[in-house]
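Hi,

Here is the structure I said I would pass on.

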Amino acid sequence: MIAMAIVAAAAVGGVFAQPSTSSGGPEPVEGQSNTPPLSHEYAEVNGQRLHYAKAGRGPLMIFLHGFPEFWYEWKNQLAEFSRDHTAVAPDLRGYNLSSHPEGVAAYHAREIVGDLVQLIGVLGYDKAFLVAHDWGGAAGWQLAIAQPQLVPKLIILNSPHPFTFARELAHSAEQQRASAYMNRLRAADAEEQLTKDDFARLFASFAAKDGAGAHWLDGARRDAYRSVWARGLTGALNYYRATPLYPPTADDPGARALKLDPAKFMVRVPTLVLWGMRDRALLPSVLDGLEELVPRISVERLPNASHWIAHEEPALVASRIRTFLEPGAA
């Protein structure tokens with residue numbers, strides 16, 4: 001049996017908020033006065049303890065964050081979709097308040113997908129709409145490929161499909177240069193380098209392709225990220241160490257060593273991709289050919305957004321997701 005332990009937040013003025021020492025985020029869910037309260041709970045899944053933020057009632061929506069974030073990436077969307085859904089944003093394994101298992105093998109895709117499969121069941125559902133970004137998107141793609149019956153609709157924000165990403169890493173010099181940071185994050189000293197100077201490199205990673213700073217990254221958010229990163233970076237970095245998708249070097253063929261069959265990477269669920277075109281790490285070429293792998297796909301390119309679209313364009317993201325979730329939309 002899968003057991004679930006629940007930790008409820010304290011109610012303050014009709015909004016549930018937790019201090020940074022508990023939730024890893026100092027702010028309550030934003031929204032109108034009728035926004036459902038936010039709780040912080042834990043689930044025992046796949047041998048791990050996952051922390052998640054949860055609000056609302058109705059069909060299940062799971063929001064999956066990327067690197068170097070945590071559940072708090074989705075606070076605006078939790079406020080919006082908890083009005084008519086059970087909106088859940090977990091900390092992925094290795095992040096924030098979830099378990100940080102040792103060893104690179106614990107971060108292979110099958111393990112992350114296993115967490116999600118069991119989480120859906122623990123929450124009392126047999127399927128979930130998925131909204132996913134970056135590494136969360138990698139897990140979302142893989143879950144939709146492996147168990148499409150669990151994912152009625154998939155929404156991806158700036159996260160490449162594994163087949164097209166492998167292709168670009170193997171053959172595109174431009175994408176190889178843009179992804180060179182992956183090899184730095186795979187290095188043994190990555191934790192030390194990212195911790196230096198008050199996490200300066202991690203904060204700098206939030207800049208857009210043109211070098212523009214992150215207007216959304218205010219003092220409270222900086223404090224929240226510091227608190228989370230101080231809990232440890234090894235788990236988050238092990239996602240990079242576990243994946244076979246990384247750019248080749250003179251000593252390592254990386255993605256060039258892969259021989260992938262596109263038939264094994266088909267996504268047959270309705271899928272919406274929202275893509276910030278100012279992403280400096282993931283180039284638009286990863287979108288080329290997606291319709292051959294995802295027949296029921298809709299792609300919207302957003303010229304003014306970067307990789308951090310959920311922070312930069314929360315209202316637009318919510319609007320596009322709302323439209324996509326309407327019955328008959330695909």
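Predicted model: local features only at pLDDT ≥ 70, side-chain atom pairs only at ≥ 80, totals over all residues.

Residues are numbered from 1 along each chain as its sequence is written, and side-chain values use heavy atoms, leaving out hydrogens and water.

Now the aromatics. The whole structure has 20 aromatic pairs (rings of Phe, Tyr and Trp, the last by its six-membered ring, with centres within 6.5 Å; planes under 30 degrees apart are stacked, over 60 edge-to-face, the rest tilted). W71 and Y72 are edge-to-face, because their ring centres are 5.5 Å apart and their planes are at 80°. Both also belong to a cluster linked by ring pairs, whose members include F199, W216 and W308.

Another pair is W135 with Y239: centres 5.7 Å apart and planes at 55°, so tilted. The two sit 104 residues apart, W135 in helix α4 and Y239 in helix α10 (helices are DSSP runs of H or I, at least four residues, numbered from the N terminus). W135 is buried at 15% relative accessible area, and Y239 is buried at 3%.

Helix α10 (residues 234–242) also packs against helix α8 (residues 190–204), with the axes 10 Å apart.

Cheers

Definitions and conventions
Axes fitted to C-alpha atoms, helices over the stretch in contact; angles between N-to-C directions. Buried < 20%, exposed > 50% of the residue type's maximum accessible area, 1.4 Å probe, protein only.
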